[in-house]
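I opened the notebook to go through one structure, piece by piece. The entries follow the order in which I looked things up.

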Amino acid sequence: MIQSLNDFKKPFFIGVAGQGMSAIAQYLHGIGKEVRGSDRYFIPGKPNATRDYLEKEGIRCFLQNGEGMDEGTDLVVISTAVEDTVHELVLARQRGIPVILRAELLALIAKSKRTIAVGGTSGKSTTSSMIFDILEEAGLAPGIISGAGLTRLIAEGRLGNAKVGKGDWLIIEADESDGSIVLYEPEIGLLLNIDKDHKDIDELMDVFHQFQSHTKGTFIVNRSHSLAAGLSVNVANDFSSEASSPAGFNATDFRQEGLNMTFQINGVPFMLNALGRHNMENALAAAAVSAQCGVSLETASKALSKYEGIYRRNQVFGCKNGVWMIDDYAHNPVKCAAAIRSCQPLATKVVSWFQPHGYGPTKFLRKDFVDEIAAALRPQDEIWMSEIFYAGGTAVKDISAADLIQDLQEKGCKAFFIENRNDFMANVKPHLTDGSVLLLMGARDPSLESFAKQVWEAL
């Protein structure tokens with residue numbers, strides 16, 4: 001039975017190319033484990049950037065056929081997306097090799113450090129990266145295990161979603177979607193927000209309440225979010241962006257000027273190269289957490305003035321032929337609405353494209369998607385959707401993105417369905433007026449990065 005990081009030496013990851021899996025794989029490699037992995041997206045003769053990065057780090061990658069699991073393999077790591085019928089999982093059980101869930105392994109890693117766990121239905125990756133930058137600026141040399149690549153780490157030639165720090169602190173994302181958030185017992189727990197996503201609100205409230213009760217030290221919540229505020233332990237540690245809900249850390253004087261924003265936290269001026277009030281809230285949360293680590297607001301401000309962002313979170317490709325293009329990981333109703341609103345100060349017209357993922361989640365959130373997106377769109381803005389991304393498995397295909405578009409049209413929105421995304425640019429070009437923003441949104445599909453590059457080239 002695996003009870004600590006000392007109980008294994010040679011782990012094998014099934015699905016190692018996933019963001020969460022690759023991050024932990026890199027972290028374990030960084031602390032001296034001999035890490036290997038496979039993925040169904042590793043196909044002979046087909047380029048795969050994630051595989052190249054992992055192998056450059058020293059993590060050997062294999063086809064998902066069992067060839068990478070040798071006699072030395074003493075632990076197999078899976079995520080909830082790995083089905084029982086996957087050949088390597090069957091093989092592991094036949095051989096008696098211990099099998100552990102990604103989240104369980106992350107919980108073991110978290111117990112080995114002073115851990116900051118970032119929770120909430122939106123903003124976890126961005127806020128985690130901001131905390132990392134602030135603690136780095138303060139000389140605390142933190143580690144991080146993230147759900148997205150940090151631009152500053154990518155620039156170092158890394159995959160960017162993990163780093164083993166020399167200091168005591170480790171920053172992790174606590175995921176509520178699979179319930180794994182309840183496994184962590186962090187020194188600092190942060191709750192950003194609570195919105196319907198993978199689960200109903202009642203379920204989420206229960207999960208986040210457990211997160212609160214399992215936090216061993218300081219628990220920090222967003223007082224300007226009513227549901228999160230209900231789980232507050234000490235208002236002096238909390239943060240707020242609303243004057244009507246004051247807390248220990250308060251943001252005021254928000255201004256968006258092009259791609260830059262300015263605001264104040266407890267009277268200390270901040271400047272951030274980012275879009276949208278939600279990113280101000282993320283920065284505010286990061287500053288509140290960092291204060292618990294002994295870092296001043298002035299140091300936090302200095303760090304965030306140099307913040308470079310993370311991969312596919314409001315990632316600005318640039319302006320081409322009079323059109324700004326932005327790529328974003330937005331994939332739930334609130335995130336999509338926030339991404340649309342964040343682009344509106346840049347241009348008089350926002351043209352958004354969205355690829356939903358998963359038939360079950362899309363059906364579950366159909367009304368929420370329609371209501372949130374419709375509320376975010378201005379009369380001149382547009383929303384386009386391509387068909388739902390299907391990652392395989394036994395999903396029932398009883399809904400289409402076209403259904404959401406029809407609902408949006410009935411609300412009077414300018415909404416368009418383009419089944420095959422490869423036909424998107426040819427159809428949308430006449431709609432892209434000078435000075436508009438083209439916003440791409442979607443998650444889970446590993447080909448979205450290459451799709452964004454194709455759109456940029458065709459713009």
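**Entry 1. Arginine 444.** I began with arginine 444, which is partly exposed at a relative accessible area of 42%. I wrote down the cut-offs: buried is under 20% relative accessible area, exposed is over 50%, and partly exposed is in between, with a 1.4 Å probe and protein chains only. Arginine 444 sits in the loop between β21 (437–442) and α16 (448–458). The helices (H or I, at least four residues) and strands (E, at least two) are DSSP runs, numbered from the N terminus. I then looked up the backbone angle: arginine 444 is not a glycine, yet its phi is positive, about 70°. Most residues other than glycine have a negative phi.

**Entry 2. What kind of model this is.** I noted that the model is predicted, that local features need pLDDT of at least 70 and side-chain atom pairs pLDDT 80 or more, while totals for chains, interfaces and linings use all residues. Residues are numbered from 1 along each chain as its sequence is written, and side-chain values use heavy atoms, with hydrogens and water left out.

**Entry 3. Asparagine 266.** Asparagine 266 also has a positive phi, near 50°, and is a residue other than glycine. I found asparagine 266 in the loop between β14 (260–265) and β15 (268–272). Its relative accessibility is 40%, so asparagine 266 counts as partly exposed.

**Entry 4. A sheet.** In what order do the six strands of the open sheet run? I read the order as β8-β7-β9-β6-β10-β11, with mixed pairing. Two strands pair if DSSP finds at least two bridges between them. At the edges are β8 (162–163) and β11 (218–221), each of which pairs on one side only.

I then followed some of the pairs. Strand β7 (residues 143–145) pairs with strand β9 (residues 169–173) in the parallel sense, over three bridges. Isoleucine 144 has isoleucine 171 in β9 as its bridge partner. Strands β6 and β9 run parallel and are joined by five bridges. Strand β6 also runs parallel to strand β10 (residues 188–191), with four bridges between them.

Why is strand β6 largely enclosed by the rest of the structure? Five of the six residues of β6 (residues 114–119) are buried, so the strand is largely enclosed.

**Entry 5. Salt bridges.** I used this rule: a side-chain nitrogen of Lys or Arg lies within 4 Å of a carboxyl oxygen of Asp or Glu. The count comes to 21 salt bridges.

I looked at aspartate 133 and arginine 152, whose side chains meet in a salt bridge at 2.8 Å, N to O. Aspartate 133 is in helix α5 (residues 124–137) and arginine 152 in helix α6 (residues 151–154), so the pair ties together parts 19 residues apart in sequence. Aspartate 133 counts as buried at 8% relative accessibility, whereas arginine 152 is partly exposed at 26%.

Next came lysine 363 and aspartate 398, with a salt bridge of 2.7 Å, N to O. Lysine 363 lies in helix α12 (residues 359–364) and aspartate 398 in the loop between β19 (382–385) and α14 (401–410), so this pair ties together parts 35 residues apart in sequence. Lysine 363 is partly exposed at 49% relative accessibility, and aspartate 398 is partly exposed at 42%.

Aspartate 371 forms a salt bridge with lysine 367, and their closest N and O atoms are 2.6 Å apart. Both residues lie in helix α13 (residues 366–376), four residues apart, which is about one turn of the helix. Aspartate 371 is partly exposed at 28% relative accessibility, while lysine 367 is exposed at 59%. I also noted one network, in which salt bridges that share partners join Lys10, Glu34, Arg36 and Asp70.

**Entry 6. Alanine 92.** Is alanine 92 buried or exposed? Alanine 92 is buried, with a relative accessible area of 0%. Alanine 92 belongs to helix α3 (residues 87–95). Its C-alpha atom is separated by 9.9 Å from that of phenylalanine 12, a residue 80 residues apart from alanine 92 along the chain.
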